[in-house]
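Here are a few exercises to work through with the model open in your viewer. Try each task before you read its solution.

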There are 2 protein chains.
Amino acid sequence: MTTIKEVAKLAGVSVATVSRALNNSGYVSEDARKKVEAAVKELNFYPNEVARSLYQKKSKLIGLLLPDIANPFFPLIAKGVEDGVNQRGYSLLLGNVEEDIEKEKDYLKIFSQNNIAGVISAVQGNTKDFQNMPFVLLDRVKSDHDFAVHSDDYTGGMMAAETIVARKPKEIVIMVGPKEVPSSAVRLAGNQKVLKESHLDYQLFQTTSFKLEEAEETAEQFLEKFPDVDSVIASNDVYAMAVMKEALKRGRRIPEDFQIIGYDDMPFSRMVYPGLTTIAQPAYEIGYKGAELLCDILEKGFVENSRIQLPVTLKIRESVRKKDENE
Amino acid sequence: MTTIKEVAKLAGVSVATVSRALNNSGYVSEDARKKVEAAVKELNFYPNEVARSLYQKKSKLIGLLLPDIANPFFPLIAKGVEDGVNQRGYSLLLGNVEEDIEKEKDYLKIFSQNNIAGVISAVQGNTKDFQNMPFVLLDRVKSDHDFAVHSDDYTGGMMAAETIVARKPKEIVIMVGPKEVPSSAVRLAGNQKVLKESHLDYQLFQTTSFKLEEAEETAEQFLEKFPDVDSVIASNDVYAMAVMKEALKRGRRIPEDFQIIGYDDMPFSRMVYPGLTTIAQPAYEIGYKGAELLCDILEKGFVENSRIQLPVTLKIRESVRKKDENE
DNA sequence: TTGAAAGCGATACCAG
DNA sequence: CTGGTATCGCTTTCAA
C-alpha cells in the first residue's frame, strides 16, 4: 500500500498539503492540488482508513446486529442496510447474535474496539450496552425514546384479521409470536381489535420463537391442539408455511377448508403453492431507512424524525378463500 | 474508552510493561502482571483494535464477499463463516456484491483500506484483484490452484440424475445453471454421465442466473418450452420451487405426473408441500471450513490441504415418485 | 498557502 | 525484567 508520504514526495509537497488536498480542508493552491492529484493517480493511492480512524476516533464502519441471518427476513434487511450505508460511504461489520445476550455484548465490545461509527440493531437487547455508540433500532423496537425504524404492526395485525373476517372463518386460531418480541404483542392487539368488533370467537396459540428450526415441530403441535381450525393468523411466514405444509399433509384442502395468512412476505411466500397470503413488511426499506437515519445522526448530529414508521401491505394470494362479497 | 496509558499510570508501570502483560510477550514479573491485571479490571480496559491494527498492518477483520445475500443459500454460508472466524478471534466485514464486478472491486479496496487480514469469497470474480490479501474461495471455485472449499458437484450431478433415472422418467429436462458459474458445468457433466450410461434421452434448458427475482419468469418460460416434461433436474432449489409452483398451477400432479429434483437443500426446501427432493450442499460447513482454512493460512502461514471438498447428500422428499424397485 | 510537528493507541526494539 | 521511544499512516493545529 502506498502512503501519503510517498504521494507527498512525488508531488513535491508536504504530507499536510496532501491531506488537505485529499480532504478539501484548509487552503491548497490550485498548483499544489494538481500536483497532488497527479501523484495520487500515478501511485494509485488511496488512504488507509485505519490510520484515519485512529486519529479521528471514529471509523467508517457501522456495526449490524441481527438475531438470525438464516431467517429470510433478515438478509433482506441486511441488504437494505448495506445499500443504505454504502451510499453514505460506510461499510458493515456483521454481528449475527442469535438472540444470545452474551454474543451481543461480545460484538458490542468488538464494535467499540474498532472505533465503530454507529450500530444498527434488529435485536431486542438492552440498549444500555450500547454505551456511547450512536444506534438505530430496526423492527423489534421497544416503545421508548430510541431512534428506530419499524413497520406499522398494529395496522398489520388489523389487516390480517380483517382478511380472515371477510372470508367466512369457522374456527379461528391466532398464532402469537414470542412474548419477548414487542411487535408480536402489537400485532396481536390489532388482530383482537378487529375480531372483537366483528364478534368473532378465536383461540390463541403462543409460540416461543421465530426460529426456522422450530417451525415444523411447532406446526405439528399447533394442528395437534387445534385439529379443526379452519382459519389461521400465523406469527410469521416461516411458521405459516410450516403450518400450511402440516395441514396439507393431514389432507386439508387450502383454501377450501383451511385458510391461513402469514406475516412478513418473505421472498419465498409467493413461490410456494398455494401462494401464501400475508402482510408484507418492507424489509429492505426498513434496513435502508435505518441506515439513512443513522447516517443522518452521525453527520448532522441531530435528526428531524427519530422514529420512522413504514406502512405494511396486504398480499392476497391463494392461501385464503375468495372474499365474501356479501360483507 | 480507556487506554493503555491510563492502565499504566494506575498500575504504576510503563505502557510497555502493560502491553507485554496483555500479550504475554517478553518478560513480565509476577508482581507487575498482578498490578496490571488489577488496573485492567478496575478500568474495564480492553485494547483498541484500530491502534493495534495500524502498527501491525493487519486487523482482526476478515472480508466476506457474497454474490447475493437474499439467496437463502448464502446466509447459511455466512453463518458458517461467521462462527468459524469468531472461533479464531476474527470478525467479518460484509460485502454483498450482487455479481457486480465494480462493486466487488470497491469492496476489495475498502477491505484493503481497513488492513483486512484476509478475504473469504463466494463470488467468482477475478482473483487478481485480491492483490496481496490472503483469500479463500467458497463454492463457486475456478479449477486452478487457489485455496478453496467446495462441495462435490460432480457426484451431486450424478446423484440427481440417478434419482431421476430410478424413477421411470418419460421426458427429462435438465435446467442448467448460468454458464459463468463453474459448478453448473460440473453438475451438468455428472448429470450427463449417468443419463448417457442409462441410454436415456434428455433436453437442456440454459438459465442465465441464480437470482431469486428471475426464478418465476424462468419457470414460466421453462414450462412453456417443455409443456410435457415429466422429470426435471433443476439448477437449484429456488428455481426448482418456482418450476414446481408453475407446474402445479398448470394442473400437473406432483410427483405422479411431474417429478423434480433441486440442488442445495435450502432451509425451505423441506418446508414446502410437496417437500422438494434435492441434493444437499453443506452450506454451513462450507462456510465454517472456509473460515478455518483462511485462519490456518493466516496463523500458520501454510496449510496441509489447500482445497477442501465436502460431500453432498441426497434428500428424498415428496417431489419425486417412489423408486422403481425393479432396477 | 505551506510545512513541521504533535498527536491517535498500541507494539516492539533496545538500552539499562 | 523494565521503561523510553520510534513507529504505523493520517489529520490538524500553529507558526512561518
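**Exercise 1. Work out how β2(A) pairs with strand β2 of chain B.**

Solution. Start with the direction: β2(A) and β2(B) (residues 91–96) run antiparallel, joined by three bridges. Strands count as paired if DSSP finds at least two bridges between them. Next, pick a residue: Leu92(A) sits opposite Leu94(B). The strands themselves are DSSP runs (E, at least two residues; helices are H or I, at least four), numbered from the N terminus.

A word on the ground rules: this is a predicted model, where local features need pLDDT of at least 70 and side-chain atom pairs pLDDT 80 or more, while totals for chains, interfaces and linings use all residues. Residues are numbered from 1 along each chain as its sequence is written, with chains lettered from A and ligands numbered from 1 in the order in which they are written.

**Exercise 2. Describe the side of chain A that touches chain B.**

Solution. First count: 43 residues from chain A and 43 residues from chain B take part, contact meaning C-beta atoms, placed from the backbone, within 7 Å. Then see who contributes: α10(A) gives the most, six residues. By type, the chain A side has 27 nonpolar, nine polar and seven charged residues. Here Ala, Val, Leu, Ile, Met, Phe, Trp, Tyr, Cys and Pro are nonpolar, Asp, Glu, Lys and Arg charged, and the others, Gly among them, polar. Finally, 100% of the interface residues of chain A are also interface residues in chain B, so the copies meet through the same surface.

**Exercise 3. Which residues come nearest to DNA strand D?**

Solution. Collect the residues whose C-beta atom, placed from the backbone, lies within 6 Å of the strand. There are 31 around DNA strand D, and Ile4(A), Ala51(A), Ser14(B), Ala16(B) and Ser29(B) come nearest. Sorting this surface by type gives 16 nonpolar, 10 polar and five charged residues. Its largest share, six residues, comes from α2(A).

How values were computed: Two residues are in contact if their C-beta atoms, placed from the backbone, lie within 7 Å.
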